[in-house]
Amino acid sequence: MEIHQLEMLRELGALGSVKAVAETLLVTPSAVSQQLAALQRSVDVPLTRKEGRNLVLTEAGQALADAGAAVVSAMADARMAIGAYHGSPVAPVTVSGFHSAGQALFAPLARMLDSPDKPRVLLSDEDVAQQDFPALTARYDLVLAHRMDHSPRWPEERVAVIPLAHEPLDVALSAGHRLAGMETLTAHDVVGEPWVTSHAGYSPADVLSAVAAVSSRELNIVHRINDYSTVAGLVATGSVIGLLPRHTARPVLNPDIVLRPLQGISTRRRIDILARPENLKRTSVMMVCEALEDIMAGLVSP
């Protein structure tokens, strides 16, 4: 038994003929007859009877038509509710972000949307390897993700992608380091230094693998830490050097640290918003996307 069949039965009770039902619902009389016949096959009591040229409802048919009217009304309410949800500018939006994105974007986002007429954002940090970001879209409306230029693309047949930034990873040095006075650095300049870097599968570790490959030398990796604020603290001591993102690491930088571009190696990562395509049809979700774009634009601008 289908909703449209119940609707036709209801209209038949009100209008008294298949032709009138067809004209009202803008379908052919044959289509009405076929659907009513299919509905009749799904129950074991007669729903209609002939009265002269008219087709009228039996008592059972009227009972089903009345119940069907309630179902049709409930479905209309459900459609209105989902339409209101999709169109609401204040519906909650869940957002996940990797650590450096959270440090740079979450507080400004919360401030920007702190208004009764703005979406309520629910924030979480998810520090996962690059290939695991798309799966997070099953749990969050929006996922802040990053990948290196040479990494596999996001599976755009499964997730929608909104680019946020194309950000270099720079060499982070203490202000008193012997290399701090240089404007740019090469792999050969830094390969022999003691390093703090991320665990394998994350952007800094990928860049350091390229440094080792270009220099044909083994790296001296002292610490493996994913949190950039901890990396910055260790770099500031002067005991190690590291890699920090140029824009999103600003909240953890201090005067004891300088950043220098690394030449001759691809060090840029792409920061993107990933989402299930249907989520981007929601007004509140798109409002959060636009806010994230504005905040990132402010970080990237000099």
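Predicted model: local features only at pLDDT ≥ 70, side-chain atom pairs only at ≥ 80, totals over all residues.
Local features need pLDDT of at least 70, side-chain atom pairs count only at pLDDT 80 or more, and totals for chains, interfaces and linings use all residues. Residues are numbered from 1 along each chain as its sequence is written, and side-chain values use heavy atoms, without hydrogens or water.

**Whole chain**

Select the protein chain. It has nine helices and 13 strands (DSSP runs: H or I of at least four residues, E of at least two, numbered from the N terminus). Its radius of gyration, over C-alpha atoms, is 31 Å, well over the 19 Å that the globule rule gives for 302 residues, so the chain is more spread out than a compact globule. That rule is 2.2 Å times the number of residues to the power 0.38. Along the principal axes, the C-alpha atoms fill a box of roughly 105 × 40 × 25 Å.

**Helices α2 and α3**

Next, select residues 18-25 (α2) and 29-41 (α3). They pack at about 110 degrees, axes 8 Å apart (lines fitted to C-alpha atoms over the stretch in contact; angles run from 0 to 180 degrees between N-to-C directions). That makes α2 roughly perpendicular to α3 (65 to 115 degrees). Show Val-18, Val-21 and Ala-22 in α2; they meet Pro-29, Val-32, Ser-33 and Leu-36 in α3 (heavy atoms within 4.5 Å).

**Gly-13**

Now pick Gly-13, in helix α1 (residues 3-15). At 39% relative accessibility, Gly-13 counts as partly exposed (between buried, under 20%, and exposed, over 50%; 1.4 Å probe, protein chains only).

Definitions and conventions:
Parallel < 35°, antiparallel > 145°, perpendicular 65-115°, else oblique.
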